Amino acid sequence: MNPKNEQEQVVLVTGAAGGIGAAIAELAVARGHRVMLTDVDEVAVVSRARSLGPRAAACMLDIRSSAGWTRAFEAAEAVFGGVDVLVNNAGITHTRVARDLPEQQHRDIVEVNLLGTITGVCTALERMTARGRGHIINVCSMTSFLPLPGYATYCASKFGLRAFHHSVAIEERDGPLDFTLIHPPSTRTGMLAQEMADPSCAIAFAEKSYAPQRIARAVVDAIATKPVEVVFPPLAGRVQRIAGVFPRLMRRVIPVAEARGLRQRERLLSHSDAHR
Ligand SMILES: NC(=O)c1ccc[n+]([C@@H]2O[C@H](COP(=O)([O-])OP(=O)(O)OC[C@H]3O[C@@H](n4cnc5c(N)ncnc54)[C@H](O)[C@@H]3O)[C@@H](O)[C@H]2O)c1
């Protein structure tokens, strides 16, 4: 895409201190947008914004906080003017099979990935509708199509997010807002490093992983092209969607993929040991 064809937008990104969110902020600035980076990690997000120059600013936002969302929108409005695009990217995972995960960690995943994102969408709906325009981009996951072992509650939070996203988009179909849902596959960030530490979610390594910059490209392209939903990889992603529809098929193919993921994880671990 030719960056010159893109109209400059004010973009608010959550979880922008690191990983996919930082890559989105960096590319959006490079494409001429003005970006309010937000994160629960204030020190890291402020430093990240400073490294991006005058088209970037930062503010602390824990997406679980409704008051925090209001402050973040107000901060963006004060620095750059009204928010044109919200990229709801922040998310967490806690790995381990469900029976071994402490109850609080099950709750935390839902509080951040689902309820936190819902709070952000509701804040944006009100403020963007009042301005007569806006685009909400939610970063979801391929696990919203295909439930995976080692991540049960994470998958549930992303299944819920996909349902919420499309329900709202349909409710708002006659309004002025656009809605895009992006589904990253395994992406090389702190989250994937966390998954590497736990063999219960080795399925994360069954397929090739992506650089965060590749996901960022899809998100920033979406600011101009406004697709309804983006899956990765474009072709194999469709196969995963189909497998998720048929439970018997799912029960057969997932253990095969899990075994491949375990082998691949061992290979990656021994490779990194060899380079120490
Ligand atoms: N990495 C992957 O393999 C992968 C795959 C599919 C989907 N995703 C999704 O992509 C998004 C980004 O993931 P990532 O891999 O960059 O993760 P990451 O852990 O590298 O970064 C997440 C960022 O979110 C911030 N954050 C955590 N809790 C927060 C909260 N309550 N409020 C605000 N910020 C908070 C963290 O401080 C961090 O900067 C998430 O929604 C994740 O579920 C990631």
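Author: A quick definition to start: helices and strands are DSSP runs, numbered from the N terminus. Also, this is a predicted model.
Reader: Good to know. How many cavities of 30 Å³ or more does the structure hold?
Author: There is 1 cavity of 30 Å³ or more, and the volume of the largest cavity is about 30 Å³.
Reader: Which elements give two or more residues to its lining?
Author: Those are α4 (103-131) and α5. The most comes from α5, with 3 residues.
Reader: And which residues line the largest cavity?
Author: Among them are His-94, Arg-96, Leu-101, His-106, Ile-109, Tyr-151 and Tyr-154. By class, the lining has 7 nonpolar, 3 polar and 1 charged residues.
Reader: Nice. Switching to the ligand, how many residues surround it, and which are the closest?
Author: The ligand is surrounded by 28 residues, the closest being Ile-20, Asp-39, Asn-89, Tyr-154 and Thr-189. So Tyr-154 shows up here as well as in the lining of the largest cavity, going by the 4 Å cut-off for being near a molecule.
Reader: What about Thr-189, where does its polar side-chain atom lie?
Author: That atom is 2.5 Å from an oxygen atom of the ligand. The protein covers 89% of the 830 Å² of accessible area that the ligand has on its own.
Reader: Which backbone atoms come in?
Author: A polar backbone atom of Thr-187 is 2.8 Å from a ligand oxygen, and one of Val-40 is 3.4 Å from a ligand nitrogen.
Reader: Last one: which helices supply at least two residues of the shell?
Author: α1 (19-30), α5 (152-171) and α6 (190-196) each do. The shell divides into 14 nonpolar, 10 polar and 4 charged residues.

How values were computed
Residues numbered from 1 in each chain as written. Predicted model: local features only at pLDDT ≥ 70, side-chain atom pairs only at ≥ 80, totals over all residues. Heavy atoms only, no water. Polar contact = N/O pair within 3.5 Å; in protein donor to acceptor, adjacent residues only side chain to side chain. Areas by Shrake-Rupley, 256 points an atom, 1.4 Å probe, with all protein chains shown as cover. Helix = DSSP H or I, 4+ residues; strand = E, 2+ residues; numbered from the N terminus. Nonpolar A, V, L, I, M, F, W, Y, C, P; charged D, E, K, R; others polar. 1 Å grid on protein atoms, 1.4 Å probe; cavity = no way out; pocket = protein on both sides within 12 Å on 5 of 7 lines; lining within 4 Å. Points joined across faces, edges and corners; volume = space filled by probe spheres on them.
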